[in-house]
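Reader: I have a few questions about the terms used for this model. Could you take me through them?

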Amino acid sequence: MSETVEPSTSRAVSEVVDLVSTLIRFDTSNTGELETTKGERECAQWVADQLQQAGYVTEYVESGAPGRGNVFARLKGADSSRGALMMHGHLDVVPAEAADWSVHPFSGAVRDGYVWGRGAVDMKDMVGMMLAIARQFKMAGTVPPRDIVWAFLADEENGGKWGSQWLVRNRPDLFDGVTEAVGEVGGFSLTVPRADGTDRRLYLVETAEKGLGWMRLRAKARAGHGSFLHEDNAVTILAQAVARLGTHTFPLVVSDSVAEFLAAVAEESGLEFDPASPDIEGQLAKLGTISRIIGATLRDTANPTMLRAGYKANVIPQTAEAVVDCRVVPGRQAEFEREVDALIGPDVEREWITKLDSYETTFDGHLVDAMNAAIVAHDPNGRTVPYMLSGGTDAKAFATLGIRCFGFAPLQLPPELDFTALFHGVDERVPVESLEFGTRVLEHFLLHS
């Protein structure tokens, strides 16, 4: 059996900023429509070329639709009897309006200590770190403890229909032997003050995700002239249902991941969090901007996002429709749907446009230990803690194959940076030092995973 080689991090660290900047310059905006989504093929082929230059054999897959490019490569590990670890990242990004930004969103500008552009934190930062480490390992002849599958994916920003979901259904062979996977929206630092005046950095590892569902509501009634009296109006019926649903507060539910997170923060900071308190949101506000994510994991949410009805000002339409973005705490799907039905009433139909299940795993085992060891090796003031993501990632698809999934894209962040606001936000950017730190941590993690 070959021994694991411990190479220098210099090559990966020196490449990562340029790789992330170049990735951002590919406009891979995902509009949710096949006709207008662009750039994934070109970006994926560039990634494949970078891997091939380092010596990898890659597989390029267009997942069911032209241009929806995905790239896979495998690095053999020392112990073939162990399950493979998949490192996955998506290449698509949400659209951006250039006029709203301080820099062009697809410039990949490096200035003021940051790499700027759409995807800088979601998630071309981790894609760049993965690519830098993958190249270094191959070129240095590094043999990791187990096989590593590198996966660069399309369409995550639209639920993975033409990316992870399609690949799981149509190309399960790409995931042969994979038992664990690591992806986005975890590993970033949260600085909490201690009672003694010092600070502690907690690195949030995603162990759970709320269910994601985009629901269409439809009301039907008799069409008619706008000047008549109408007791039966599809727009009114729908509007009332949408208002009831959008203003409803779902019950408080504290999952294991959230409970462990709150306990860890309380231990380090001395703050108190009582999930049974009616003021739990106020207590969470003491955490700062991360409370946006944590607060959203305590309850189901159903946020109306789109309305459509009518075709002329003086015509009462026969049909009115709305779309609602639903996020459901693990274990709550059936009860959530019962509550929704009671709120919208019998005169409104509903159907799922997209429905992806919630996911939760435990915060234990060798992989979790390796994450914490990697953090502590590069930040002695650091500690990993679990948390639940209020959104969703490609992990939802991989979990259906029995793969245990985590979010761990390590970044040591300035305490004053409002990191959560950068996801899908204007002036998205990632600190250069955070990228270099994350590359070192990920390398350490992969060499001991």
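Author: Gladly. Buried means under 20% relative accessible area, exposed means over 50%, and partly exposed lies in between (1.4 Å probe, protein chains only). Helices (H or I, at least four residues) and strands (E, at least two) are DSSP runs, numbered from the N terminus. This is a predicted model, where local features need pLDDT of at least 70, side-chain atom pairs count only at pLDDT 80 or more, and totals for chains, interfaces and linings use all residues. Residues are numbered from 1 along each chain as its sequence is written, and side-chain values use heavy atoms, with hydrogens and water left out.

Reader: Why is R146 called buried?

Author: R146 has a relative accessible area of 2%, and the cut-off is under 20%, so R146 counts as buried. R146 sits in the loop between helix 3 (124-140) and strand 6 (148-153). Beyond its neighbours within four places in sequence, its contacts (heavy atoms within 4.5 Å) include D79, R82, E180 and S449.

Reader: Which residues of helix 1 are buried, and what do they pack against?

Author: Among the buried ones are A12, V13, E15 and V16. The buried residues of helix 1 pack against helix 2 (40-54), strand 4 (110-111), strand 5 (114-116), helix 3 and helix 12 (432-447).
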